[in-house]
Amino acid sequence: MPTTRRQFLGLAGGVTVAGTIPIVTLRPIEATPAMLNTAIRNVVGEAQIRSGRVKLDIPPLVENGNTVPMTVSVASPMTADDHVKSIHVFNEKNPQPNIGNFYLGPSSGRAQVSTRIRLADTQKVVAIAHLSDDTFWQIAADVVVTLAACTEETN
């Protein structure tokens with residue numbers, strides 16, 4: 001039996017509607033310190049992480065967690081023999097603990113990245129630098145968020 005025009009349009013409309021249904025992935029509402037440690041270990045492996053050489057400029061108190069300015073800089077001459085390979089930023093309580101990965105090289109000029117991040121709540125932010133001699137350096141800062149990200153009402 002041949003397909004009628006009405007059947008074809010009904011089938012095409014059903015496929016269109018089915019294509020607009022979002023795919024929902026379940027994630028924990030809030031990350032845990034264990035998830036933070038796992039995310040860090042996924043980047044550094046079993047390497048020792050030292051303190052120092054990294055500077056994290058982030059406000060200790062922010063009114064709105066939707067746009068928190070952050071700058072990470074590393075003390076490095078950025079030469080071919082001694083440079084920063086990458087900078088990784090992690091947080092403690094956002095659903096995804098790895099905020100960002102920034103890859104650098106000797107031609108980057110200086111080891112510094114600036115961006116804005118979202119913070120779901122008051123939490124610890126950790127920045128880790130991977131240097132060309134395969135050492136890892138870190139710094140952590142606590143940030144108090146008075147209005148968590150994604151909770152503002154729109155009128």
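The lining of the largest pocket has seven nonpolar residues, three polar ones and one charged one. Here Ala, Val, Leu, Ile, Met, Phe, Trp, Tyr, Cys and Pro count as nonpolar, Asp, Glu, Lys and Arg as charged, and the others, Gly among them, as polar. This is a predicted model, where local features need pLDDT of at least 70, side-chain atom pairs count only at pLDDT 80 or more, and totals for chains, interfaces and linings use all residues. Residues are numbered from 1 along each chain as its sequence is written, and side-chain values use heavy atoms, leaving out hydrogens and water.

Now, over to T71, which you'll find in strand β4, residues 68-74 (strands are DSSP runs of E, at least two residues, numbered from the N terminus). Which side chain does the side chain of T71 meet in a polar contact? That partner is S114, at 2.9 Å; a polar contact is a pair of N or O atoms within 3.5 Å, and within protein, one must be able to donate a hydrogen and the other to accept it, while residues adjacent in sequence count only if both atoms are side-chain atoms. Not counting residues up to four places away in sequence, T71 touches K55, L56, D57, Q112, V113 and S114, with contact meaning heavy atoms within 4.5 Å.

Finally, have a look at R53, which lies over the face of W137, 5.6 Å from the ring centre. For that, CZ of Arg (or NZ of Lys) must be within 6 Å of the ring centre and within 35 degrees of the ring normal.

Conventions: Helices (H or I, at least four residues) and strands (E, at least two) are DSSP runs, numbered from the N terminus.
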